[in-house]
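Biologist: I am new to this structure and would like to learn how to read it. Could we take the features in turn?

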Amino acid sequence: MRFFISILIVCIFSIGLQAKLYIYIEKGVELPLKNQQVTLYSGTPIDKISASGDMVKVKLSGFVGKKDKTKLFATKNLKLLLASAEKPGLIKIKGEKGQLVVNVPKKSLTSDMEEAWANGSDLFYDKCTKCHHAKIVEHHSMQDWNALFGSMKYKAKTTKEQNVEILRFLRAFAKDGILKESD
Ligand code: HEC
């Protein structure tokens, strides 16, 4: 019994240590890290490796396509972009999976998922609730959202930049996305 309690304590402790962090960008969706030849995208969940001063060393994990080895996506269907590199080799590839280790400024990270996705989410709840109640994002797959958003964006009269943000939000929180709105 005591053994199980110790295991439980260890588990709870390690969950606490592995609290997720997300790429946070005040405006837009891109975080270019020029000196490292990569661009990260807003809301991307990352694992913290270590911190020194204002920089945090982080790991991004995801999927890469068969041809283009410079883009890391959240899921196998390659619909939600997490990072792009200026040249192949920067993303370490194993089969269809990829990993990227980069240094990110502390101010571009948050442990608050809602804050990380606030731009897309605010736009969605603002632009997409004018004619009907907010549709439940989780009710549709990423693929469905492509088509649904494709027809709705004209109704919502959103700009190109807003479309990018909303679609990112819809894909991340879709049925087969990587996040849950209630998390
Ligand atoms: C100008 C009005 C208008 C705006 C703005 C609008 N919609 Fe719609 N939407 C409709 C109408 C009309 C329907 C069809 C009736 C319904 O399902 O409520 C619809 C239906 C939908 C459906 C259901 C479709 C289905 O087949 O189940 C989804 C999902 C949806 N809208 C998403 C969005 C999103 C996302 C946005 C923001 C980009 C948006 N809507 C903005 C008018 C609008």
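Predicted model: local features only at pLDDT ≥ 70, side-chain atom pairs only at ≥ 80, totals over all residues.

Biologist: At roughly what angle do the axes of α3 and α5 cross?

Modeller: The axes of α3 (residues 118–127) and α5 (residues 160–172) cross at roughly 100° and come within 8 Å. Angles from 65 to 115 degrees count as roughly perpendicular, so α3 and α5 are roughly perpendicular to each other.

Biologist: What span should the 13 residues of α5 have?

Modeller: The expected span is 1.5 Å times one less than the number of residues. For the 13 residues of α5 that gives 18 Å, and the end C-alpha atoms of α5 are 18 Å apart, which agrees.

Biologist: Which residues in α5 are buried?

Modeller: A residue is buried if 20 or more other C-beta atoms lie within 10 Å of its own. In α5 the buried residues are E165, I166, L167, R168, F169, L170, R171 and A172. Their cover includes α3 and also α4 (142–156). Across the protein chain, 31% of the 183 residues count as buried.

Biologist: Is C131 buried or exposed?

Modeller: The cut-off for exposed is 12 or fewer such atoms. C131 has 8 other C-beta atoms within 10 Å, so C131 is exposed. C131 lies in the loop between α3 and α4. From C131 to K155 is 24 residues in sequence, and their C-alpha atoms are 9.2 Å apart in space.

Biologist: Now the strands. How many bridges join β2 to β3?

Modeller: Strands pair if there are at least two bridges between them. β2 (residues 30–33) and β3 (residues 38–41) run antiparallel and are joined by four bridges. Opposite L31 stands L40 in β3. The two strands, β2 and β3, form a hairpin with four residues between them, and Q37 in the turn has a positive phi of about 60°.

Biologist: Which strand pairs with β3 over three bridges?

Modeller: That is β7 (residues 81–85), in the antiparallel sense. The bridge partner of T39 there is S84 in β7.

Biologist: How many helices and strands are there in the protein chain?

Modeller: The protein chain has five helices and ten strands. Of its contacts with a separation of 6 or more, 61% are between residues 24 or more positions apart.

Conventions: Residues numbered from 1 in each chain as written. Axes fitted to C-alpha atoms, helices over the stretch in contact; angles between N-to-C directions. Parallel < 35°, antiparallel > 145°, perpendicular 65-115°, else oblique. Contact = placed C-beta atoms within 7 Å.
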